[in-house]
Structure formats: C-alpha cells, structure tokens
Amino acid sequence: MIATVPFAWGDSLEGELGRPVGKRVTQCALSRICGVCGETLGRPIAFLGTQREVGRNAFHNPPMHVACAHTLLGRVGETEIVLTAGFEFVRPARDDEDRRPTFQPNSLLA
C-alpha cells in the first residue's frame, strides 16, 4: 500500500490506487513535473504503461522520475516502465473514442 496518494492520482478507497486525475495529468504535462512527487522532471523521463500502451507508444499515466515510477510499478495494474528523453502531450481529437490525452515519447531509451 502507498502511504500517500501520488500527485496526479486522486484519493482512493482502502489504500488502492485509482486512476490519474485529468487536471493533474495536464498540469504534469504542461509544467513538466512528476506525476508521483510533483517535482520538476529531469532526464530520463519514465512512463508506466500496459503492453498495449507500450506497443502504441502512447501512455495515459503522467511522466515521472525513474525512482518514482519504480514505487508505483505493479500498483497501477500490469505495467512496465519505459524511459525517454522527451515526450509530446497529445489531446484527443473530437472523434476519438478514447477521450483521455496521451503522452507520446519522442525517443525511447534502452
């Protein structure tokens, strides 16, 4: 169980981690801050994503520090960590079925 609720996530019941909060996710993107601790991001930048998100190179969870990502690994569903030097914040188009914005890394790091 996580002792405190990560910055971009809302309060949850019984210590479970819920979904990221839209306004906080946008704040992370525009201010380039970590979705877990709320501090300024450096490089590399980490994203937690499902296999599908990794395959599409489009993540719903906000950017975070590598160490912060490791604290959430396994607590945000079945996810893996992807590292990048930078990303684009992509808002959904009017006709998109999924109305959540995505983070699209521009260069994946090994």
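Is cysteine 34 buried or exposed? Please start there and then go on to the other side-chain contacts.

Mentor: This is a predicted model, and what follows is computed from it. Cysteine 34 has a relative accessibility of 0%, so it counts as buried. Its closest cysteine sulfur belongs to cysteine 68, at 3.8 Å, which is too far for a bond. A disulfide needs the two sulfur atoms within 2.5 Å. With a relative accessibility of 35%, however, cysteine 37 counts as partly exposed. Over the whole structure, the search finds zero disulfides.

Next come the aromatic rings. The whole structure holds five aromatic pairs. One of them joins phenylalanine 87 and phenylalanine 103, with 5.5 Å from centre to centre and 75° between the planes, an edge-to-face arrangement. Phenylalanine 87 lies in strand β3 (residues 87-90) and phenylalanine 103 in strand β4 (residues 102-105), so this pair ties together parts that are 16 residues apart in sequence. Phenylalanine 87 and phenylalanine 103 are both buried.

Phenylalanine 103 also pairs with phenylalanine 89: the ring centres are 5.1 Å apart and the planes stand at 45°, so this pair is tilted. Phenylalanine 89 is buried, as is phenylalanine 103. These rings belong to one aromatic cluster, formed by Phe47, Phe59, Phe87, Phe89 and Phe103.

Arginine side chains meet aromatic rings as well. Arginine 32 lies over the face of phenylalanine 87, at 4.1 Å from the ring centre, and phenylalanine 87 is a member of the aromatic cluster. The charged end of arginine 24 sits over the ring of phenylalanine 7, 4.5 Å from the centre of that ring.

The partners are aspartate 98 and arginine 100, whose closest N and O atoms are 3.1 Å apart, against a cut-off of 4 Å. Aspartate 98 has a relative accessibility of 30% and counts as partly exposed. Arginine 100 is likewise partly exposed, with a relative accessible area of 37%.

Definitions and conventions: Residues numbered from 1 in each chain as written. Predicted model: local features only at pLDDT ≥ 70, side-chain atom pairs only at ≥ 80, totals over all residues. Heavy atoms only, no water. Salt bridge = Lys/Arg side-chain N within 4 Å of Asp/Glu carboxyl O. Buried < 20%, exposed > 50% of the residue type's maximum accessible area, 1.4 Å probe, protein only. Phe/Tyr/Trp six-rings, centres within 6.5 Å; stacked < 30°, edge-to-face > 60°. Helix = DSSP H or I, 4+ residues; strand = E, 2+ residues; numbered from the N terminus. Lys NZ or Arg CZ within 6 Å of the ring centre and 35° of its normal.
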